[in-house]
Amino acid sequence: MAKEINNGILKVGGVSCDKLADTCGTPLFVYDQEELEKQLWSYKKYFRSDLFETEIIYASKAFTCNAMLHLLKQYGFGLDVVSGGELYIAHKADFPMDQVYFHGNNKTIDELELALNLRCKTIVLDNDMECKALIDTAERMQKSASVLIRVNPGITAHTHKYIITGDMDSKFGVALNDEKMLMEMIESINNSQYLSFEGFHVHIGSQIFDLKAYEILIERMIKRIKKMKTDYKIEIKALNLGGGFGVRYTEEDEPNSIREVCERIINKCEAELKASDLSIKKLMIEPGRSIVAEAGYTLYRVGYLKQTPNISYIFVDGGMTDNIRKALYDAKYECDLANKMDLKKTIKYTVAGKCCESGDILIENAMLPKAQMGDLLVVYGTGAYGYSMASNYNRLNKPAVVFVKDGKTRIVIKRESYSDQLRFETDEEVIV
Ligand code: LLP
């Protein structure tokens, strides 16, 4: 994405970053709403087929809030939720519950009850015990739902490579080749008065660049669907291929465009279905990161600077509390001094946060102009799994989140205050 710069200052969505920081404070998550909408629009445009219906389901774990849910609604997206909390937020945003898919390997009975009460249409079952729990809960409540079964296809893909593993040790799903368990689950769902079996769900990993992994996945899934039909007369109506499409964090990343992702998946599905003389009713994908990551920026105020024998540090007013991804995955990001965009980058800095933790580093070896206290540091591509994994470690307040578009700024999540952090503190005796 081309950067918009005015008088050496970075602009996002037509708004100067210094104004954003002065008005809304730092650290600040800034979403370029036009960029978000571009991604939504591309998925809608390219994930289409003449052979089957299609649905794009946004993985809300990447970033969710009321404003995001309203955008998704506007663009006709489905929603992947993985907890009672995500389900509740969707409900409160009036998200259409017939487009919500409830995932998770250990949904509690309370969560299943909430899903059924809120009329969440599809529950994605992870295992046989959960299958029994859902059947019992639906019968007790006399509430109905559609069901997908999450299967583990034995393909694990991460970042630049995929591996096909013989062992099925992932904690998610039922092994795709465990016919006995699948059949038992499907039979008991079909025998339940309240549940209807729709098909399979699968997700092979995140930040995947090699689309071949999805093609192999599609071959495996269609082979299994064919076998279910010929051997057991079971029809798989819906197939959900999960998300995981890679994005650009640094210039070394070469993601596929959304158009490429969609076309490769649709073409492969159509070809495999035709070759197997099969049809399905609906194909779904579940992108999270590829919708929000590159639309998001984090603005920090630079505090102190420190020179050690080998490292020039810049300290910022956030850190692992608003972006745990470097500490957790050694994730790489790019940054600039948002108020010195025209100056030459002459110094190699390590950007560190303010937490009492040596691992609280955001970026190593960042080439920047000479920094001073009060400068604004912008980290690019923080829109996914940043705010959603934020914490209050060291009792830091969670940052605010703004959406900017056409020069207008909307605060969509307020900055936490110290008193917010005390709202659950109490000293009440309970009778146990
Ligand atoms: N569907 C399912 C069932 C998933 O488990 C996930 C992500 C997605 C869809 C969306 O994947 P995406 O398109 O966002 O890659 N916290 C990690 C990512 C964990 C992803 C978990 N599942 C990170 O910061 O990279």
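Predicted model: local features only at pLDDT ≥ 70, side-chain atom pairs only at ≥ 80, totals over all residues.

Is Gln207 buried or exposed? I looked it up: Gln207 counts as buried because its relative accessibility is 8%, where buried means under 20% relative accessible area, exposed over 50%, and partly exposed in between (1.4 Å probe, protein chains only).

Residues are numbered from 1 along each chain as its sequence is written, and side-chain values use heavy atoms, with hydrogens and water left out.

Entry: I found Gln207 in the loop between strand S13 (195–201) and helix H8 (212–232). Its phi is positive, about 55°, though Gln207 is not a glycine. Gln142 also has a positive phi, near 55°, and sits in the loop between helix H6 (128–141) and strand S9 (145–152). Gln142 is exposed, at 58% relative accessible area. I also noted a cis peptide bond from Thr26 to Pro27, with omega near -10°. Pro27 belongs to the loop between helix H1 (17–24) and strand S4 (28–32).

**Entry: the whole protein.** I get 12 helices and 23 strands, as DSSP runs numbered from the N terminus (helices H or I, at least four residues; strands E, at least two). Buried residues make up 54% of the 432. The C-alpha trace spans about 70 × 60 × 40 Å along its principal axes.

**Entry: the ligand.** I see 17 residues around the ligand, and the closest are Ser206, Glu286, Arg325, Tyr329 and Tyr385; a residue is near if one of its heavy atoms lies within 4 Å. A side-chain N or O atom of Glu286 is 2.7 Å from a nitrogen atom of the ligand. For Tyr385, a side-chain N or O atom is 2.7 Å from an oxygen atom of the ligand. The protein covers 87% of the 590 Å² of accessible area that the ligand has on its own (Shrake-Rupley method, 1.4 Å probe). Domain 1 (4–31 + 295–421) and domain 2 (47–288) each give at least three residues to the shell; the bounds come from an automatic or database domain assignment.

**Entry: a lysine.** Lys326 lies in helix H11 (residues 325–329) and counts as buried, at 12% relative accessibility. Its side chain makes a polar contact with that of Glu364, at 3.0 Å. Such a contact is a pair of N or O atoms within 3.5 Å; within protein, one must be able to donate a hydrogen and the other to accept it, and residues adjacent in sequence count only if both atoms are side-chain atoms.
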